[in-house]
Each structure stands twice: as C-alpha cells, then as structure tokens.
Amino acid sequence: DFSTTVMAQPNKTEEEKMLSGELYLAYDQPLVDQRLRAKKLLHRLNVTEYLITDNARAILAELIPNAPKSLYIEPPFHCDYGSNIYCGENVYFNVNCVVLDCGKITIGSNVMFAPCVQLYAATHPVDALTRRTLEYAKPITIGDDCWIGGGAIICPGVTIGSGSVIGAGSVVTKDVPPNSLAVGNPARVIKKLNE
C-alpha cells in the first residue's frame, strides 16, 4: 500500500524520499524551489545563450554540477533538477533532449544522445487516488560508450550496459545488456555487438 510507505518514513525529507525511490510530495516547497532554480538556468541556456559559449558552459556547470567540463549540450535542453544527473567524460546531448531527473541519472563516459532523447526517472502510482498527490522515481544508469538514437525513451529504473546502441524511436522498458543493439517498442535486443 503506497500510503503506508509514505507514512513509514516520517523523518525523511521529501527530497530524500524522492532519491530513495519512495513515494514523495512533488509540491514540497524545497523541491518546487529547486525546480524553479533549474528552470531559470534552463531559460538562460535555451533562450539567452542558445549557442555553447563560455557563459553557456558556466550555466551548465551550475545546472549540472555532477558533470565534468567536457559535457556538451546542444540547446534546447530540459531537466527537472540537473543536480541528479551524474555524467562521465565526453557526454553529448543533441537538441531537444529531456531528462526527468527526479531519481539519479548516471551516464558513463563517451555517451552520445541523438535529438529528442528522453530519460524518465519520474514515474507515478497506478492507483488513481495515490497519484493525485504522490509520485516516485527510479534511477536510470547508462554505461560507457553508448549511443542512444533519436527520439528514444528510456523508462524509469532501466540500466543500459556499456557499449550498447539504442535504435531511434525505441522505448526502453527493461535493462539492456552490455554491447547490445536494442530497437523497437518495447525495445528488445536484436544483436550482440563487438563479437
């Protein structure tokens, strides 16, 4: 029962609940404030700067503090918090990518995201009454040397192994093993790579 889970952790903040995969109140004021902060930074990145300049790099460093300077994002880009995105070296996001980082998003090194890729750590209860006020998140992990094709959607709780390729338009609902080519809706592995 979802309501029992929420009540069982009275000493945790809503952010702690969110990051640990428990039900939480998304409209808790500290979370609202963090999302507003991200939106203001995103506005500066997506509208004021738009090109990757020194100013844009400074905005990215503030928005996504858990990423190295080699992170490259083609605006426009959207995320909920930014602070829950963890990147390795040489990560590239093409235009119109969306990262709902209510849960931790871990991205390895040398990962490329084509246009319109969506990473959804956010999810909602299937029970309608619970869904009115509470939501939860599941982490997403993407290994090193992955390529995520245009318009792909990575669902909550998914791990994509290193060296994998996700075909354009795929909806990834389950883990993908390392060195795999996965395509379709739902995505399924159709080929092992590098064998």
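This is a predicted model: local features need pLDDT of at least 70, side-chain atom pairs count only at pLDDT 80 or more; totals for chains, interfaces and linings use all residues.
Residues are numbered from 1 along each chain as its sequence is written, and side-chain values use heavy atoms, with hydrogens and water left out.

Strands here are DSSP runs of E with at least two residues, and helices are runs of H or I with at least four residues, both numbered from the N terminus. Two strands pair if DSSP finds at least two bridges between them.

Strand β5 belongs to an open sheet of 5 strands with parallel pairing, in the order β2-β5-β8-β13-β16. The edges are held by β2 (77-79) and β16 (171-172), each with a single partner strand, so one side of each has no neighbour in the sheet. On one side, β5 pairs with β2 in the parallel sense over 3 bridges, and Cys79 stands opposite Val99. Strand β8 (residues 118-120) also runs parallel to β5 and is joined to it by 3 bridges; here Val98 stands opposite Gln118. Elsewhere in the sheet, β13 (residues 153-154) and β16 pair in the parallel sense over 2 bridges, with Ile154 opposite Val172.

The two faces of β5 can be told apart: Cys97 and Val99 form the covered face, Val98 and Leu100 the uncovered one. A residue is called buried under 20% relative accessible area, exposed over 50%, and partly exposed in between, using a 1.4 Å probe and protein chains only. Cys97 has 0% relative accessibility and therefore counts as buried. Contact means heavy atoms within 4.5 Å. Not counting residues up to four places away in sequence, Cys97 touches Pro76, Phe77, His78, Phe113, Ala114, Cys116 and Val117. One of these contacts, Pro76, is 21 residues from Cys97 in sequence and 7.4 Å away in space, C-alpha to C-alpha.

Phe113 leads on to the core. A nonpolar core is a set of buried Ala, Val, Leu, Ile, Met, Phe, Trp, Tyr and Cys residues joined through side-chain atoms within 4.5 Å. In soluble globular proteins, nonpolar side chains tend to be buried together. The largest nonpolar core in this model has 42 residues, and those with the most contacts inside it are Phe77, Phe93, Ile107, Phe113, Leu119, Ile148 and Ile160. At least two residues of this core come from each of α3 (29-49), α4 (54-63), β2, β3 (85-87), β5 (97-100), β6 (105-107), β11 (140-142) and β16. Phe113 itself touches Val91, Tyr92, Phe93, Asn94, Cys97, Ile107, Leu119, Ile142 and Ile148, again leaving out residues up to four places away in sequence. A second, separate core has 8 residues, among them Tyr24, Ala26, Tyr81 and Ala137.

The other sheet to follow is an open one of 7 strands with mixed pairing, in the order β1-β4-β7-β12-β15-β17-β18. Its edge strands are β1 (72-73) and β18 (188-192); each has a single partner strand, so one side of each is left without a neighbour in the sheet. Strand β15 (residues 165-166) pairs with β17 in the parallel sense over 2 bridges, and Val165 stands opposite Leu181. By contrast, β17 (residues 180-183) and β18 pair in the antiparallel sense over 4 bridges. Ser180 has Lys192 as its bridge partner in β18, and Val183 stands opposite Arg188. These two strands form a hairpin with 4 residues between them, and Gly184 in the turn has a positive phi of about 100°.

Strand β9 (residues 122-123) holds Thr123, which counts as buried because its relative accessibility is 19%. Leaving aside neighbours within four places in sequence, Thr123 is in contact with Glu135, Tyr136, Ala137 and Pro156.
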